[in-house]
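This report describes a structure with attention to folding, helix packing and chain contacts. Please have the sequence and the coordinates open while reading.

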Amino acid sequence: MATKALRLFLREDLQEEVIGDLKENFDYDLDVGSRFRARLNYWKQVFLYLRPFAIRKLKGTSNISTAMYKSYFRAAMQNMVKNKLHAFINILGLATGIAVAFVISLWIYDEVSYNRNFSHYERIGQAFQNITANGEVDTWNNVPWPLGNEIRQHYGTDFRYVAMVSHVYPHTMEVGSEKYSKAGLFCEPDFYPLFDVTLTKGTFPVKDPSAILLSESTAIGFFGDKDPIGQMINMDGQSFQVGGVYRDFPQRSRWADVFFIGQWSKFAIIAELEKMDDPWRPNAFEMYVMLADGVDFASASTRIKDARLKNLSAALAVKKPEIFLHAMPDWHLRAEFSGGKQTGGLIQYVWMFGIVGVFVLLMACINFMNLSTARSEKRAKEVGIRKAIGSYRSQLITQFFSESILTVFVSLALAIGMTYLLLPVFNALAEKDMRLPWGNPLIWVSVVGAGIVIGLLAGSYPALYLSSIRPVGALKGAFKAGRGASLPRKVLVVVQFGVSAVMIIGTTAVFLQIEHGRNRPLGYRVNGLVSVPGITKDVHDHYDVIRKDLIDNGAIVELTECIAPTVGSWGSSSRIDWNGKDPDLSIDFTVFEASYEYGKTLQWEVVQGRDFSRDFPSDSAAVILNEEAAKYLDKEHVVGETLRSRTIPFTVIGVVRDIVFAGPYDPVRPSLYFLNKDQLNFLTLRLNPQKPVAASLAAIEAAIKPHMKGEPFSYQFMDAEHARKFGNEQRVSTLASVFAGLAIFISCLGIFGLSSFVAEQRTKEIGMRKVLGANLSQLWILLSKDFVVLVIISCFLAVPLAYWILQSWLESYTYRVALPWWIFLTATAGTLVITMLTVSWHVIRVARVSPASTLKIE
Amino acid sequence: MIETRLGDFEETVMLIVGILGDAEAYAFRIAKAFEQRTGRSISIGAVHSTLDRLETKGFVRSSLKNATSERGDRKKRIFVITALGKRVLKESMEFKVQLWKEYPAFAGKLGLTE
């Protein structure tokens, strides 16, 4: 058997000696080991003779000269020109598919290469903790500040570097008389080697805590051509001296918007870290580590698990904080946690679009193969003549392959052009900055390789099957592809339309979910609310004057001073207590603090009790609950109850309708509203709907700016901020609909091409039927029937698949839409209608031709 | 560096051809001898392709010789080193010896100094 295989490929002149050698080897093996081993080795030796020198040359191909290739090329071109429509459909469909696959690959590459610039990419981790409250596990990326020292002291052998880092947020920096807002961080010195901070000027700070590093771009922005080293900067009421300039962090990295790096020692002074009465309590800092050699994330995580727990008082230890490490390769792609387990994140979209890309490309290839196969039946005569004249079979094979490869390469060129033109549009949609990697030879090699593979696949049917037919039969016109040839084509059509239907259903569902989120009652009126951040003591002191002025001149209806904008929360507390509270219940209440007019400005709805009022001096010890919080008190009438926050008692005076301040799909959190007459962060204003917005804004700026005392004045529209929370879903929805559209386009091109051949093939039949009295609608049904059946089958397959995919996608949303049955029906109907329209174009054209012209003998 | 036109594996195979002599130097024996001397396993095909290459380069020549019953009365191709092959082998050896001499850590310790 193995010898036969060997004879099949081995050069004839070598056969005798080789088989002799192998026989000897086989006997030798028999002496040493078992028969089975000897046989196995024989096969292995045969296999290893598959070497260029030993393989026999294919018969017939040796005498092909360049002239032959030229002739193939010319024949291929002639064929394309002769069947313009067919060639156009083929090339356009394939090019669209390849372009989609290109763009998606670029996008995936972009997402996957995030943070990869860091040289210790594989070894860096961030400390996270799992907190258990009421049996539910929450994952936080913040840790208390003494954790860094704890890790260094007790677990130092596991880590090469350990750095505590403050949050990155914008600070106001004063340089001379200019003020800038720049984001940056404070960190411990291990941060520099950890994240490859490279200095272009100056030195890393050693002793002086007020030394600060600026990024190159910031240094140029601040000081221009002047030497930045030694310059003074005021920030957060402290003065800093520039000690060095570092190269800006890469755009696609965690620290892309870090424009200055201050020192932890200075941060400790500003934030009074040493004076905290319970430093292990507040989780407000980030910690980054690099593993020591030979240590992996899992084992290090297990060892440091209790690093925080063992330093906590019994009361806090209830939450069982478990420290673990989140590895850098997961930061961007797998950043979602639920129940203490990593559940994914962006990686899901990477997979989703990856699959979409593969399918679209697959569909384009399927089409291409389908059309080539369908058309090849018409070329049976050509093959017959070529054979009769004396073509070798191998020459015919080469000819068909070169034809399909030529088509593929024309499509590839077109696809690259399309990608080049579409990339800016896609960048805008996906909020990216991707470019075609012209310079990467690997890309070109893989593109050309893929082209050849697609060409070979698509050309395989005509090349291998048609070249084998007998010329006599073909020339007589008796050649017909059997049932066997049309079955795979039908399967391909079903797959194609199945994918299209899944995409239509998916796109509709994403769209519905977004609409569902948009229509969610927010509990207040978000339109016409404007927030001014970072207000000063002077604004606070003139609160009443500003309010009266703005209301009197009609710019606003009401305003309030508050701790957080209405579209976010800035604080929460678990030290809330009341009579009859279950001692095991541990719950974080979101806490809002504001002036008297908060409710009136937001226009919230009081469902029980009353709003804060200046008529009740006792309101400074009052609290308002949302409905969700009221549920926790588990009492029929919560108004009048007493709530203790950090043991200070507050009287509940009212309950308001739940306000959605977090993500539009997130559950409502139990919230408490307290009165606070101190200086707070924001001024939120309700614009007067009767007045033009621009005029109101001008009035507001005029009223507030003088009191900002040089701090930057800005404002945000709350409705715009709320809309931004839909960004992610919105992007997915837009992209998904673009891809679905393209997928449908490709499928239609395919079915368009196919139906044109079917119609052409049956021209005579249609003529006969017409003569015998068939009318247009009967013919239409006759010809569309086949396709309609296929599309219906594909929809039956697609609906359950789509339902299953969408259900698992929707499960990640707390506030989600129920999938209505009609979207499946609509998608099926839509696919059908599109098919009918596509098919009808040909059917009607063919059916209207006078039978006299089709039935005449050629 | 001098162009020896002789790869490391090729050189080893040629030397084994020389060692085995006129009667024994055919692909199976060479492969077995290689396995015995180096402890590495090698396929007969790999040896054969190397011999084929050496023959094109003119370093060895070959002829089909006496069939034996143990190989089912099939002839074997016996390889012999040509004069050119011998010269190339010698050049390669000398070149390496020269290199060893110039390598300071070993110079004089291997008995290579004249």
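## Overall make-up of chain A

The model is predicted. Chain A contains 29 helices and 26 strands. Its length is 858 residues, of which 36% count as buried.

Contacts in chain A can also be sorted by separation along the sequence. Of those between residues at least 6 apart, 82% join residues at least 24 apart.

## A kinked helix in chain A

Helix α27 of chain A covers residues 776-810 and has a kink of about 45°, centred on A:S784.

Several residues of α27(A) are buried. Among them are A:L779 and A:L783, as well as A:F787, A:L790 and A:V791. The list of buried residues in α27(A) also includes A:S794, A:C795, A:A798, A:V799, A:A802 and A:L806.

A:R610 sits in a loop of chain A, between strands β20 (606-609) and β21 (622-626). Because 15 other C-beta atoms lie within 10 Å, A:R610 is classed as partly exposed; a buried residue would need 20 or more, and an exposed one 12 or fewer.

Neighbours within four places in sequence set aside, A:R610 is in contact with A:I653 and A:G654. For A:R610 and A:V652, which are 42 residues apart along the chain, the separation of the C-alpha atoms is 9.6 Å.

## Two crossing helices in chain B

In chain B, the axes of helix α1 (residues 8-24) and helix α2 (residues 27-38) come within 10 Å of each other and cross at roughly 125°. At that angle α1(B) is therefore oblique to α2(B). The crossing of these two helices, α1(B) and α2(B), is right-handed.

On the α1(B) side, the contact is made by B:T12, B:V13, B:I16, B:V17, B:L20 and B:E24. From α2(B) come B:R29, B:I30, B:A33 and B:F34. Sorted by class, the contact of α1(B) with α2(B) has 7 nonpolar, 1 polar and 2 charged residues.

## Contact between the chains

Where chains A and B meet, 17 residues of chain A are in contact with 18 residues of chain B. On the side of chain A that touches chain B, α2 (12-32) and α3 (35-47) of chain A each supply at least two residues.

Which element gives the most to the side of chain A that touches chain B? It is α2(A), with 10 residues. By class, the residues on this side of chain A are 6 nonpolar, 3 polar and 8 charged.

Terms used:
Residues numbered from 1 in each chain as written. Chains lettered and ligands numbered in written order. Predicted model: local features only at pLDDT ≥ 70, side-chain atom pairs only at ≥ 80, totals over all residues. Axes fitted to C-alpha atoms, helices over the stretch in contact; angles between N-to-C directions. Helix = DSSP H or I, 4+ residues; strand = E, 2+ residues; numbered from the N terminus. Parallel < 35°, antiparallel > 145°, perpendicular 65-115°, else oblique. Left-handed = near helix turned anticlockwise from the far one by under 90°. Contact = placed C-beta atoms within 7 Å. Nonpolar A, V, L, I, M, F, W, Y, C, P; charged D, E, K, R; others polar. Bend = angle between axes of the 7 residues up to and from the residue.
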